[in-house]
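Student: Could we go through the charged pairs and the surface of this one together?
Tutor: Gladly, let us have it on screen.

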Amino acid sequence: MRTSPMVLLAACALGAVPAAPAQEIDTLTLEQAVTLALEHQPSLQGAYGGVRAADASARQARAGFFPSVAFSATDTRTGGTVLVNPSFPPTQRTYSSYSAALQGALTLWDFGKTSGRLSQNDFLADAAQGDYASAREIVAVNAEVAYLAFLEARRLVAVDEEALATSARHLAQTRAFFLTGRRPQLDVTKAEVDSLNANVSLIQGRNAFRVAKLQLENAMGVHPRTEYAVVDSIFVPATYTTLEEARRAALQNRPEIIAAEARVSAARSSVTAAWGQHLPTISASGGYTWNGFAFPLLSRWNAGLTFTLPIFQGWALDAGVELAEANSQVAQSSLDVLTEGVLLEVEQEWLAIREASERAVATAKLVQESKENLNLVERQYAAGVATSLDESDARLTLANSEITDIQAQYDYRTAVIRLRRAMGLTVLPGGY
């Protein structure tokens with residue numbers, strides 16, 4: 001069984017913390033968010049329980065290679081009518097008897113039954129560790145994605161606030177122009193509608209920001225009682241991984257695949273162990289016994305070899321072999337399905353990075369052009385050349401382009417994180 005010290009150390013730390021405490025946090029970074037999630041997410045408790053259960057099962061299977069020793073002692077008090085000889089009348093007697101035994105047994109050879117069970121449980125323990133590693137990666141990635149979603153929602157709120165401020169300035173300007181007779185009442189009404197729409201967008205954005213904050217705290221498994229600052233200083237390098245390299249890395253590193261492969265090996269070992277039930281078992285036993293009606297007790301020893309060969313068990317052994325072979329087929333099928341799903345996930349995330357990267361370049365240019373267009377339209381509007389509709393359209397175009405640009409940037413960051421997860425290269429705290 002391959003046991004990772006880092007996994008066990010993290011698991012021990014996990015078992016020593018509460019599930020969802022309220023903590024005091026002043027400043028939150030991405031690494032801190034992931035660390036808190038790994039320490040406090042309740043979902044990891046169950047995954048670690050699976051590791052402990054599988055490890056205990058492996059130790060139970062390993063016990064078959066060691067002798068079993070048992071000691072027993074009996075003190076019996078007997079009373080009643082005793083007939084010693086028909087020539088004499090029955091008498092009432094009460095007496096005590098004592099016995100003790102120390103017995104040992106050891107399986108000398110069972111033609112692979114015990115070793116097959118041990119191999120099966122060792123592979124299952126490896127699979128449980130893979131499940132636990134996968135659970136940790138999922139928790140870490142969820143925390144990272146929630147962190148990015150929080151930052152994105154905060155930046156979108158800033159865009160909505162700027163749009164509302166711009167609409168308010170335009171409304172004030174339009175009212176001034178109306179009072180001087182340079183603009184009709186219609187322009188004032190249009191500016192008021194635009195300001196109200198901007199306010200509605202801001203209300204929606206602030207609500208989305210609150211939801212993103214709740215989702216971040218849920219992903220971390222902690223709920224701070226006070227306000228805290230979230231640091232927006234995440235650098236995500238460009239990825240130059242080819243699709244083929246990403247696919248190979250996923251097949252080598254994904255803990256789900258490693259766990260599924262271990263289950264296939266465990267299922268094959270179970271077939272060997274099941275077939276071994278048809279074969280004989282040779283075991284040795286021996287011990288000492290002490291018994292008598294008074295101390296010191298009389299002692300005896302015994303030793304022997306036992307040869308056991310199953311002849312007919314109502315076809316239960318054949319059914320056990322067939323069941324093990326069917327389970328092996330199911331495990332292999334599950335591995336094949338998982339492999340296809342992992343490869344599909346890798347390709348989707350790889351394409352998502354390319355799309356988001358190209359979109360980010362295009363939206364950055366769009367924002368620049370939208371700003372220049374708004375400046376031009378505002379000057380034309382002030383000069384009486386452009387209409388209120390032209391100015392409103394230019395402001396809306398700028399706000400939409402800024403929102404699209406922010407979404408493209410965070411979509412790229414999120415796609416990088418998800419591709420890293422799909423390749424089995426999730427970086428846990430200490431590796432950022």
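Tutor: In this predicted model, lysine 365 and glutamate 369 are 4 residues apart in helix α8, and therefore about one helical turn separates them. Their side chains meet in a salt bridge, at 3.3 Å from N to O.
Student: How many salt bridges does the structure hold?
Tutor: It holds 22 salt bridges. One of them joins the side chains of arginine 420 and glutamate 144, at 2.6 Å from N to O. Arginine 420 belongs to helix α9 (residues 388-422) and glutamate 144 to helix α4 (residues 113-179), so this pair ties together parts that are 276 residues apart in sequence.
Student: Is glutamate 144 buried or exposed?
Tutor: Glutamate 144 counts as buried, because its relative accessibility is 1% and the cut-off for buried is under 20%.
Student: Which residues are linked in a network of salt bridges?
Tutor: Glu137, Arg254, Glu256, Glu345 and Arg421 are linked in such a network. Within it, the side chains of arginine 254 and glutamate 345 meet at 3.3 Å, N to O; arginine 254 counts as buried at 4% relative accessibility, whereas glutamate 345 is partly exposed at 25%.
Student: Changing topic, which residues form a nonpolar patch on the surface?
Tutor: That patch is formed by Val69, Phe71, Leu102, Tyr288 and Trp301, which together have about 620 Å² of accessible area. Among them, valine 69 lies in strand β2 (residues 68-82) and is exposed, with a relative accessible area of 62%.

Conventions. Residues numbered from 1 in each chain as written. Predicted model: local features only at pLDDT ≥ 70, side-chain atom pairs only at ≥ 80, totals over all residues. Heavy atoms only, no water. Patch = residues over 30% accessible without salt bridge, like charges linked within 9 Å, V, L, I, M, F, W, Y side chains within 5 Å. Areas by Shrake-Rupley, 256 points an atom, 1.4 Å probe, with all protein chains shown as cover. Salt bridge = Lys/Arg side-chain N within 4 Å of Asp/Glu carboxyl O. Helix = DSSP H or I, 4+ residues; strand = E, 2+ residues; numbered from the N terminus. Buried < 20%, exposed > 50% of the residue type's maximum accessible area, 1.4 Å probe, protein only.
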